[in-house]
Every structure is written in structure tokens, then in C-alpha cells.
Amino acid sequence: QVQLVESGGGLVQAGGSLRLSCVVSGDTFAMGWFRQAPGKEREFVATISWSGGSTVYADSVKGRFIISRDNVKKTLYLQMNRLKPEDTAVYYCAARNTVVEATTQREYRDWGRGTQVTVSS
């Protein structure tokens, strides 16, 4: 079983940047980031294939966020730039049991506990 531990969340002003990390214990496959804002359902943010050669982003973050991975360090990253108050949420990393990326939650097997990101206006 894969264990995922996120870090890097915090409080930032609108327009600022944060980088989230997710350390993986166990075998790594395709991974993704999701987020859940207060009172809302968890939503897809970004996903990356096992090789890192393929990525997909939600329209709301495209051009601002960058997902990447280091398979030697077994770490997934989410670089978040030009943050907006509507990006405020708990961010979760998730892992699949296949190498191909995916955008829906049900396609992910393992989940981290999340890290809070708060963007002030």
C-alpha cells in the first residue's frame, strides 16, 4: 500500500506563489492533485503520468499551476503561481495503480491527508 504525505501549504497573498510537495512511500505510478474548498466537493486540479511526460490541468489552474515529479526522490510537486482567493482549499495528492494519468477521483487508489492552502485578497 502506498502512503502519501503532503506539505508546503500555508497562507499567501493573492498573486503569490506556493509549492506543494507529496512524498510517496512505496511504488509510484501516475499521480494527481485534487482540492476541496469549504462547502464544496473535492475537484480535480492536475495529473501527471508515471514518466512525467504527460500532464493534464483543470481549466481553472491552467497556465498558473505546474505539476511535476521526481521519481528518484519519490516526490510529487505542485507549483502554484498567481494564486487567487478562489484557490483556497485543502489540497490532496493521490496515486493510481497504473502509469497513465487520470482526471477523476474514482480512478485513484491512494490518498494523502491533505495540506491547507489559504489565499488572502
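Select Cys 22 and Cys 93 to begin: both residues are buried, meaning under 20% relative accessible area, where exposed is over 50% and partly exposed lies in between (1.4 Å probe, protein chains only). The model is predicted, with local features requiring pLDDT of at least 70 and side-chain atom pairs counting only at pLDDT 80 or more, while totals for chains, interfaces and linings use all residues. Residues are numbered from 1 along each chain as its sequence is written, and side-chain values use heavy atoms, with hydrogens and water left out.

Display the sulfur atoms next. A disulfide (a pair of cysteine sulfur atoms within 2.5 Å) joins Cys 22 to Cys 93, with an S to S distance of 1.9 Å. This pair links distant parts of the chain, Cys 22 in strand E3 (residues 18–25) and Cys 93 in strand E9, 71 residues apart. Strands are DSSP runs of E with at least two residues, numbered from the N terminus. The link of Cys 22 and Cys 93 is right-handed, with 40° about the S-S bond. A search of the whole structure finds one disulfide.

Now select the rings of Phe 34, Phe 44, Tyr 108 and Trp 111, which ring pairs link into a cluster. Rings of Phe, Tyr and Trp (its six-membered ring) pair if their centres lie within 6.5 Å; planes under 30 degrees apart count as stacked, over 60 as edge-to-face and the rest as tilted. The whole structure holds four aromatic pairs. One of them is the edge-to-face pair of Phe 34 and Phe 44, at 5.8 Å centre to centre and 70° between the planes. Phe 34 lies in strand E4 (residues 31–36) and Phe 44 in strand E5 (residues 43–48), so the pair ties together parts ten residues apart in sequence. Phe 34 and Phe 44 are buried. Phe 34 also forms an edge-to-face pair with Tyr 108, at 5.2 Å centre to centre and 80° between the planes. Here Phe 34 in E4 and Tyr 108 in the loop between E9 and E10 are 74 residues apart. Tyr 108 counts as buried because its relative accessibility is 6%.

Finally, select Lys 74, in the loop between strand E7 (65–70) and strand E8 (75–80). Lys 74 has a positive phi, near 50°, and is partly exposed, with a relative accessible area of 31%.

Note on methods:
Helix = DSSP H or I, 4+ residues; strand = E, 2+ residues; numbered from the N terminus.
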